[in-house]
Amino acid sequence: MTQQTLVLIKPDGVKRNLIGEIISRLEAKGYVVADLKKFTPTKDLLHKHYAEHEGKPFFEPLVEFMSSGDVVAIKLEGHRVIEGFRSLAGATDPTVALPGTIRGDLGRDWGLKVQQNLVHGSDSEESAARELALWF
Ligand code: CMP
């Protein structure tokens with residue numbers, strides 16, 4: 001079942017020069033970068049992207065953080081890539097993400113209002129279709 005998912009390298013990953021390290025892990029796993037772009041997302045785009053989190057305490061800090069600098073948006077393709085990328089990324093909280101995952105190996109817990117956890121990946125086929133249409 002070949003799928004596509006949206007992967008974002010968040011501003012913390014871009015600022016820490018981890019673009020190559022993160023993409024290397026995706027390619028080493030066998031996934032294909034079908035499309036890619038780097039830009040600072042507008043708050044309008046982020047409000048749409050994170051619509052399901054509107055009203056949560058971390059929503060506004062999350063939008064501020066995500067619009068604070070460039071993000072790399074990747075259309076990633078492969079067999080069961082939606083689930084596979086989430087395994088590679090590890091748990092949301094970098095402190096508890098397992099070693100071997102992107103967040104477990106590279107993520108830092110800054111003790112801030114929002115998890116600056118390097119990457120985002122769509123969580124279902126429906127989310128992937130919706131998010132890819134927004135970002136590409
Ligand atoms: P992401 O996969 O981009 O989706 C929502 C983001 O909100 C998540 O990654 C984290 O960056 C952030 N997030 C999710 N849950 C929390 C939380 N409990 N506290 C702070 N930030 C969170």
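Predicted model: local features only at pLDDT ≥ 70, side-chain atom pairs only at ≥ 80, totals over all residues.
Strands here are DSSP runs of E with at least two residues, helices are runs of H or I with at least four residues, and both are numbered from the N terminus. Strand 2 covers residues 32-39, and seven bridges join it to strand 3 in the antiparallel sense. Two strands count as paired if DSSP finds at least two bridges between them. Strand 3 also runs antiparallel to strand 1, with eight bridges between them.

Residues are numbered from 1 along each chain as its sequence is written.

Now step back to the whole chain. It holds seven helices and four strands, and from the N terminus on they follow the order β-α-α-β-α-α-β-α-α-β-α. The C-alpha atoms fill a box of roughly 35 × 30 × 25 Å along the principal axes. A compact globule of 136 residues would have a radius of gyration near 14 Å, and the chain has 14 Å, which agrees. That radius is taken over C-alpha atoms, and the globule rule is 2.2 Å times the number of residues to the power 0.38.

Buried residues make up 35% of the 136 residues. A residue is buried if 20 or more other C-beta atoms lie within 10 Å of its own, exposed if 12 or fewer, and partly exposed in between, with C-beta atoms placed from the backbone. Among contacts between residues at least 6 apart in sequence, 71% join residues at least 24 apart. A contact means that two C-beta atoms, placed from the backbone, lie within 7 Å.

Leaving out residues up to four places away in sequence, Gln3 touches Arg80, Val81, Ile82, Glu125 and Ala128. Gln3 counts as partly exposed because it has 19 C-beta neighbours inside 10 Å.

Arg80, one of those partners, sits in the loop between strand 3 (71-79) and helix 5 (81-89). Its phi is near 55°, a positive value in a residue other than glycine. Asn17 has a positive phi too, near 60°, and is placed in the loop between helix 1 (11-15) and helix 2 (19-29). Asn17 is exposed because 8 other C-beta atoms lie within 10 Å, and Arg80 is exposed because 12 do.

Let us turn to the ligand. Which residues surround the ligand? They are His53, Phe58, Leu62, Thr92, Val114, Gln115, Asn117 and His120, where a residue counts if its C-beta atom, placed from the backbone, lies within 6 Å of the molecule. This shell divides into three nonpolar, five polar and no charged residues. Here Ala, Val, Leu, Ile, Met, Phe, Trp, Tyr, Cys and Pro count as nonpolar, Asp, Glu, Lys and Arg as charged, and the others, Gly among them, as polar.

His120 belongs to strand 4 (residues 119-121), and the unreviewed UniProt entry places the feature "active site" there. UniProt positions follow the numbering used here, feature names are shortened, and annotations may be inferred rather than shown by experiment. Is His120 buried or exposed? It is buried, because 21 other C-beta atoms lie within 10 Å. Apart from residues up to four places away in sequence, His120 touches Val7, Leu8 and Lys10.

The unreviewed entry also lists a "binding site" that covers Lys10, Phe58, Arg86, Thr92, Arg103 and Asn117. Lys10 lies in the loop between strand 1 (2-9) and helix 1, and counts as buried because it has 22 C-beta neighbours inside 10 Å. Thr92 is in the loop between helix 5 and helix 6 (102-106), and counts as exposed because it has 12 such neighbours. Beyond four places in sequence, Thr92 touches Gln115 and Asn117.
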